[in-house]
Amino acid sequence: MGALRELTRRYGGAAVLKGANTLVATADTDEPPSVCDRGNPGMASGGMGDVLAGVIGSLLVQSRSLTASVRAGVLLHALAGDAAALDGERGTLASDLFPHLRRWANPS
């Protein structure tokens, strides 16, 4: 948690440290870092970080709130990854998240 806070203090913006529990912090709030306990090891594949960055970026241009966009983007990405892994974690591709991202971003 200390390294996460130091990253945002030193460089500003947002820091997302992916792992078994993803850590999220932004420089524009004094709130403690948040933790996302969703996602799975199958998401450790090429392009997953690019999808995450795209999700966060698209939310940012819609909401203009860095903290809300990063937190929501991390959660959407993780939930989509978990949904994609229902068919098995091994072999999950970044593109497997797309239908699930759409569903999670547009709940009925």
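How many residues lie between E1 and E2 in the hairpin that they form? There are 4 residues between E1 and E2. This is a predicted model, in which local features need pLDDT of at least 70 and side-chain atom pairs count only at pLDDT 80 or more, while totals for chains, interfaces and linings use all residues. Residues are numbered from 1 along each chain as its sequence is written, and side-chain values use heavy atoms, with hydrogens and water left out.

**Overall fold**

- The protein chain has 4 helices and 3 strands, where helices (H or I, at least four residues) and strands (E, at least two) are DSSP runs numbered from the N terminus.
- Read from the N terminus, the order of elements in the protein chain is α-β-β-β-α-α-α.
- The radius of gyration of the protein chain is 14 Å, close to the 13 Å given by the globule rule for 108 residues, so the protein chain is as compact as a globular protein of that length.
- That radius is taken over C-alpha atoms, and the globule rule is 2.2 Å times the number of residues to the power 0.38.
- Along the principal axes, the C-alpha atoms of the protein chain fill a box of roughly 40 × 30 × 20 Å.

**Surface, burial and charge**

- Of the 108 residues of the protein chain, 34% count as buried; buried means under 20% relative accessible area, exposed over 50%, and partly exposed in between (1.4 Å probe, protein chains only).
- The protein chain has an accessible surface of about 6,500 Å², and carbon and sulfur atoms hold 56% of that surface.
- Accessible areas come from the Shrake-Rupley method with a 1.4 Å probe, and for residues only the protein chains shown count as cover.
- Among contacts in the protein chain with a separation of 6 or more, 52% are between residues 24 or more positions apart; contact means heavy atoms within 4.5 Å.
- The 10 positive and 10 negative charges of the protein chain have mean positions 3 Å apart.
- Lys and Arg count as positive and Asp and Glu as negative, with His and the chain ends not counted; the place of a charge is NZ of Lys, CZ of Arg, CG of Asp or CD of Glu.

**The strands**

- Strand E1 (residues 14-17) and strand E2 (residues 22-26) run antiparallel and are joined by 4 bridges; two strands pair if DSSP finds at least two bridges between them.
- In this pairing, Ala-14 stands opposite Thr-26 in E2.
- E2 is also joined to E3 by 3 bridges, and these two strands run antiparallel.
- Leu-23 stands opposite Val-35 in E3.
- E2 is mostly covered, with 5 of its 5 residues buried.
- Both faces of E2 are covered: Thr-22, Val-24 and Thr-26 are buried on one side, and Leu-23 and Ala-25 on the other.

- Thr-8 lies in helix H1 (residues 2-11) and is buried, with a relative accessible area of 4%.
- Beyond four places in sequence, Thr-8 touches Gly-13, Ala-14, Ala-15, Ala-25, Thr-26 and Ala-27.

**The loop between E2 and E3**

- Glu-31 lies in the loop between E2 and strand E3 (34-36) and is partly exposed, at 41% relative accessible area.
- With neighbours within four places in sequence left aside, Glu-31 is in contact with Arg-5 and Arg-71.
- Glu-31 and Met-1 are 30 residues apart along the chain, and their C-alpha atoms are separated by 12 Å.

- Leu-59 is found in helix H2, and outside four places in sequence Leu-59 touches Arg-64, Ser-69, Ala-72, Gly-73 and Leu-76.
- The C-alpha atoms of Leu-59 and Ala-72 are 8.0 Å apart, with 13 residues of separation in sequence.
- Arg-64 sits in the loop between helix H2 (48-63) and helix H3 (66-84).
- Arg-64 has a positive phi of about 60° although it is not a glycine, and at 74% relative accessibility Arg-64 counts as exposed.
- Ala-78 lies in helix H3 and is buried, with a relative accessible area of 1%.
- Not counting residues up to four places away, Ala-78 touches Cys-36, Arg-38, Gly-39 and Met-43.
- Ala-78 and Arg-9 are 69 residues apart along the chain, with 26 Å between their C-alpha atoms.
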